[in-house]
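Morning, everyone. Please take a look at the structure on the screen, and keep the sequence beside you as I talk.

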Amino acid sequence: MVQASDQAAAKMENSLSEEFTAEQLDAVDKIIRRNRGRPGALIPVLKDVQDVTGFLPLPLQKRIAEGLRLSLSEVYGVVTFYSFFRQEPIGRHLIKVCLGTACYVRGNKDLVQNLSRDLDCRIGGTTRDRRFSIEGVRCLGCCGIAPVITVGDDVHREVRAKELPAILEQYK
Ligand code: FES
């Protein structure tokens, strides 16, 4: 009889093969094998794996934990401690919306709300179609042209909430 934990493990394994290609998973396994038993290997392994897969969902953390003979909570603890590691996929276009004081004073509140609402995506998340990821930042370093958002390398200055649809339309 299949145990509940076996079912959960099978489900995790399936979700990995749906999310990643066989080549990606082979590369992940090679990284794990190369580093098995090496002290202090976890962070470099997570970094190398993320370079291959783009993000580190829980099933992948489990695979890494088993491969390195660590506990899942140890791996999860490191992934969640360092902001460099992502548990969600990144969208094709990264929107950075400034949450800093200058942008706030110059009216970014509607901008932030509309962005989340129009894309149906929270700040810090990725849209379901993976077209956009949204990141909130403290200051984009160009307060003179606040409120500011960037999309990839493009800087959009003095953005009003009503201008958002036309801006987003430029990015497919
Ligand atoms: S506070 Fe927004 S760019 Fe500095």
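Start with the contact between α4 and α5. From α4 come Leu58, Gln61, Lys62 and Ala65. They meet Leu72, Val75, Tyr76 and Val79 of α5. How do these residues divide by class? Six are nonpolar, one is polar and one is charged.

A word of care before we go on. This is a predicted model.

Now the geometry of that pair. Helix α5 covers residues 72-81. The angle between α4 and α5 is about 125 degrees, and their axes lie 9 Å apart. That angle makes the two helices oblique to each other. Their crossing is right-handed.

Next, turn to α3. Helix α3 spans residues 42-53, and α4 spans residues 58-68. At what angle do α3 and α4 pack? About 140 degrees, with the axes 12 Å apart. So α3 and α4 are oblique as well. Here too the crossing is right-handed.

Which residues make this contact? On the α3 side, find Leu42, Val45, Leu46, Val49 and Thr53. On the α4 side, find Leu60, Ile64 and Leu68. By class, seven of the contact residues are nonpolar and one is polar. None is charged.

Let me step back to the whole chain. The domain assignment gives domain 1 as 4-81 and domain 2 as 93-169. How far apart are the centres of domain 1 and domain 2? Taken over C-alpha atoms, they are separated by 32 Å.

On to the sheet. A quick reminder: strands of a sheet pair through backbone hydrogen bonds, and the pairing can be parallel or antiparallel.

Zoom in on one pair. Strand β1, residues 93-98, runs parallel to β2, and six bridges link them. Take Lys96 as an example: its bridge partner in β2 is Glu135.

Conventions: Residues are numbered from 1 along each chain as its sequence is written. This is a predicted model: local features need pLDDT of at least 70, side-chain atom pairs count only at pLDDT 80 or more; totals for chains, interfaces and linings use all residues. Side-chain values use heavy atoms; hydrogens and water are left out. Axes are lines fitted to C-alpha atoms, for helices over the stretch in contact, and angles run from 0 to 180 degrees between N-to-C directions. Helices (H or I, at least four residues) and strands (E, at least two) are DSSP runs, numbered from the N terminus. Angles under 35 degrees count as roughly parallel, over 145 as roughly antiparallel, 65 to 115 as roughly perpendicular and the rest as oblique. A crossing is left-handed if the near helix is turned anticlockwise from the far one by less than a right angle, and right-handed if clockwise. Contact means heavy atoms within 4.5 Å. Ala, Val, Leu, Ile, Met, Phe, Trp, Tyr, Cys and Pro count as nonpolar, Asp, Glu, Lys and Arg as charged, and the others, Gly among them, as polar. Two strands pair if DSSP finds at least two bridges between them. Domain bounds come from an automatic or database domain assignment.
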